[in-house]
Amino acid sequence: FWGNDVDNLAKHKKLYNLLIKGGDLFITLSPDMSKDLVNIGCDESKVKDINIGINLDNFKYKKPKRNNKITFLFVGRLIEKKGIKYAIDAFNKIKNNNFEFRILGDGPLENELKSQVENLNLQNKVIFISNKEVKNPRKLALDEFNKADVFVLPSVLASDGDKEGTPFVLMEAQAMGIPCISTFRAGIPYLVLDNKTGFLVNEKDSDELSKKC
């Protein structure tokens, strides 16, 4: 199980009954996801979490630099579970103007998020970067990682039950030595060690998020 398929199983349990009863082993990406499967009805003795990893050869560690301007970065789909609107609210609360929040990605919430930025008069601080027509979106993401001082992923539980699994972007950012700010949601606490490799806050808490930024 990868993440969203656990949510689908919970919503369509009758369709998955044969799988639940007949399966010998159910593999998940985190203890949180394993717990979800057990709560749905899978036999706990058949559920095992195996953490996924990334190829560290593809991500070069960069030493932190003291910059006059702090660059924050988000990379991902512009969808509800990413919680991007709470990050924008958080940056609106920061009194120090010497920062930039770069949002790389596309998705159904793009116009809504851009309107939020305009309403808060943050156009000079919050920058949207599209990868729709980019020939090599992977290179674009790596270029943005290289510019970033801090990575931000304010994930939440979406209204339709959708939530994170174990986000690759958090592994990638940390592999490059970029501290992360994220939330206590799904498998994230197993990737970002609070107060060690980054900071975690309660989801939808823009005040606490702004303090960590």
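Trainee: Is Asp24 buried or exposed?
Mentor: This is a predicted model. In it, Asp24 is exposed, with a relative accessible area of 69%.

Trainee: Where is Asp24 found?
Mentor: Asp24 sits in the loop between helix H2 (13–22) and E1.

Trainee: What separates the C-alpha atoms of Asp24 and Ile178?
Mentor: A distance of 39 Å separates them, and the two residues are 154 residues apart along the chain.

Trainee: And Lys65, where is its place?
Mentor: Lys65 belongs to the loop between strand E2 (47–49) and strand E3 (70–75). With a relative accessibility of 66%, Lys65 counts as exposed.

Trainee: Take Ile103. What does Ile103 touch?
Mentor: Leaving aside residues up to four places away in sequence, Ile103 touches Phe74, Leu78, Ile84, Ile88, Val126, Ile127, Phe128 and Ile129.

Trainee: On to helix H5. Which of its residues are buried?
Mentor: In H5 (residues 110–119), the buried residues include Glu110, Leu113, Gln116 and Val117. Viewed down the helix axis, the buried residues of H5 fall within an arc of 125 degrees, so they line one face of the helix.

Trainee: What do those buried residues pack against?
Mentor: The buried residues of H5 pack against helix H4 (84–92) and strand E5 (126–129).

Trainee: Which exposed residues are on the face turned away from the buried side?
Mentor: That face of H5 carries Asn111, Glu118 and Asn119. Just after H5, Asn121 adopts a positive phi of about 60 degrees.

Trainee: How many salt bridges does the structure hold?
Mentor: The structure holds 15 salt bridges. One of them joins Glu144 and Arg102, and the closest N and O atoms of that pair are 2.7 Å apart.

Trainee: Where are the two partners in the chain?
Mentor: Glu144 is in helix H6 (residues 137–147) and Arg102 is in strand E4 (residues 99–104), 42 residues apart, so to speak of the pair is to speak of a link between distant parts of the chain.

Trainee: Are they buried or exposed?
Mentor: Glu144 is buried, with a relative accessible area of 3%. Arg102 also counts as buried, at 14% relative accessibility. Both residues belong to a network of salt bridges that links Lys69, Glu100, Arg102, Glu144 and Lys147.

Trainee: Which residue meets Lys132 in a salt bridge?
Mentor: Glu110 does, with an N to O distance of 3.8 Å. Lys132 lies in the loop between E5 and H6, whereas Glu110 is in helix H5, 22 residues apart. Lys132 counts as exposed at 61% relative accessibility, whereas Glu110 counts as buried at 15%.

Trainee: And what about Glu172 and Arg138?
Mentor: Their side chains meet in a salt bridge at 2.7 Å, N to O. This pair links helix H7 (residues 168–175), which holds Glu172, with helix H6, which holds Arg138. Glu172 is buried at 8% relative accessibility, and Arg138 is partly exposed at 39%.

Trainee: How many residues of H7 are buried?
Mentor: H7 is mostly covered, with 6 of its 8 residues buried. These are Val169, Leu170, Met171, Glu172, Ala173 and Ala175.

Trainee: What do they pack against?
Mentor: The buried residues of H7 pack against E3, H6, strand E6 (150–153) and strand E7 (180–183). After H7 comes Gly177, with a positive phi near 85 degrees.

Definitions and conventions
Residues are numbered from 1 along each chain as its sequence is written. This is a predicted model: local features need pLDDT of at least 70, side-chain atom pairs count only at pLDDT 80 or more; totals for chains, interfaces and linings use all residues. Side-chain values use heavy atoms; hydrogens and water are left out. Contact means heavy atoms within 4.5 Å. Buried means under 20% relative accessible area, exposed over 50%, partly exposed in between (1.4 Å probe, protein chains only). Helices (H or I, at least four residues) and strands (E, at least two) are DSSP runs, numbered from the N terminus. The arc is that of the directions from the helix axis to the C-beta atoms. A salt bridge is a side-chain nitrogen of Lys or Arg within 4 Å of a carboxyl oxygen of Asp or Glu.
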